[in-house]
Amino acid sequence: MKGLMIHSVGCPQPKASAFISNWDKADAGACVHAIVEPGGDVYQLLPWDYRGWHCGGDANATHIGVEMTEPATIRYTGGSDWVETRDGRNTESHVLAAYKYAVELFAYLCRMYGRDPLADEVVISHSEGCKRGIASNHGDVEHIWKRFGISMGQFREDIRAAMDGFETGSGSGGNGGSGDGVSGLTGIMGKAAVTPEQNNFAGMGVTQNGVKGLSFDTAQRGIRCQIQHLKAYACTETLVNENIDPRFKYVVRGCAPYVEWLGIRENPQGKGWDAGAGYGEKILSILKEIAGEAGSARDGADSPDNPVQPMSG
């Protein structure tokens with residue numbers, strides 16, 4: 001594998017399933033290695049070391065091809081030109097979210113294959129591949145990113161920063177503990193993808209099936225990373241200790257000041273830690289069990305608009 005090529009699907013279709021069903025055929029004649037959705041789901045369609053058919057040129061044999069879905073709120077007017085048909089905020093949120101998860105996936109793959117995203121031809125777009133004579137004449141991904149001030153140069157820099165963040169997250173030293181005023185959620189938000197020796201109690205960095213996530217030298221550092229990540233959701237106050245959470249920068253600060261809002265579906269801004277229905281409620285139920293309390297996790301709340309469990313003190 002020489003490098004990775006980023007694509008954008010070229011039509012107003014936010015769901016990866018629409019493309020997967022078309023490519024999952026013996027006579028499809030095309031298939032990328034993965035598709036990224038803005039909700040954070042990554043669908044791997046081919047083994048990373050298989051030759052794909054994603055760019056109509058020599059890079060099919062040398063580059064992993066990754067597509068990003070596009071928002072339903074746009075309409076193509078010719079070639080790579082497009083206009084918004086509905087609320088522009090939805091367009092922007094889709095594009096920026098897909099970008100964020102593409103950064104994470106590319107950082108993971110660059111680390112796995114030992115590639116430097118800043119090196120020549122390691123991370124390129126379909127349009128850059130065309131200019132190099134190794135891909136067909138397409139305008140993606142710059143055709144959609146440029147509207148929001150994103151460039152391929154920034155994409156490569158963000159991938160490198162994400163890789164550096166992962167490396168920092170597994171470093172040593174530092175004092176553990178909270179200190180950041182986040183109430184007792186530590187230890188109940190873990191994911192089965194991680195193993196005990198990782199000291200990663202929140203599944204930090206587990207962005208898709210098969211990804212093991214971050215590792216920490218001590219339990220203290222693993223706990224501190226989780227608490228810092230929760231504080232990013234809870235408020236906009238500065239951290240008490242040095243930041244060791246490489247994913248801190250990806251959180252919209254203060255978007256989930258209540259435990260109930262940690263679930264993306266229940267969060268008024270559509271932000272949050274997890275996309276599962278009732279995620280925050282489940283956490284509160286577990287907390288009440290641990291504390292030996294009876295009754296609903298929402299005792300005393302009149303409605304979903306009246307959350308009762310602040311995350312920070």
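Some ground rules. This is a predicted model, where local features need pLDDT of at least 70, side-chain atom pairs count only at pLDDT 80 or more, and totals for chains, interfaces and linings use all residues. Numbering runs from 1 along each chain as its sequence is written, and side-chain values use heavy atoms, with hydrogens and water left out.

Let's start inside. A nonpolar core here is a set of buried Ala, Val, Leu, Ile, Met, Phe, Trp, Tyr and Cys residues joined through side-chain atoms within 4.5 Å. Buried means under 20% relative accessible area, exposed over 50%, and partly exposed in between, with a 1.4 Å probe and protein chains only. The largest core has 35 residues. I6, V123, W145, F155 and I159 have the most contacts inside it. Two or more residues come from each of strand 1 (3-8), strand 2 (34-36), strand 4 (63-68), helix 2, helix 4 and helix 5. Helices (H or I, at least four residues) and strands (E, at least two) are DSSP runs, numbered from the N terminus. Helix 2 gives the most to this core, eleven residues. Another core, of 21 residues, lies apart from it, with A202, M204, W261 and L284 among its members.

Now V123. Contact means heavy atoms within 4.5 Å. Beyond four places in sequence, V123 touches L4, F106, C110, P117, E128, M152, F155, R156 and I159.

That brings us to R156, in helix 5 (residues 152-169). Is R156 buried or exposed? R156 is buried, at a relative accessible area of 17%.

A cavity is a set of points on a 1 Å grid over the protein atoms alone where a 1.4 Å probe fits but cannot get out; lining residues have an atom within 4 Å of a point. Points are joined across faces, edges and corners, and volume is the space filled by probe spheres set on them. There are two cavities of 30 Å³ or more.

Note on methods: On a 1 Å grid over the protein atoms alone, a cavity is a set of points where a 1.4 Å probe fits but cannot get out, and a pocket is an open set with protein on both sides within 12 Å along at least five of seven lines; lining residues have an atom within 4 Å of a point.
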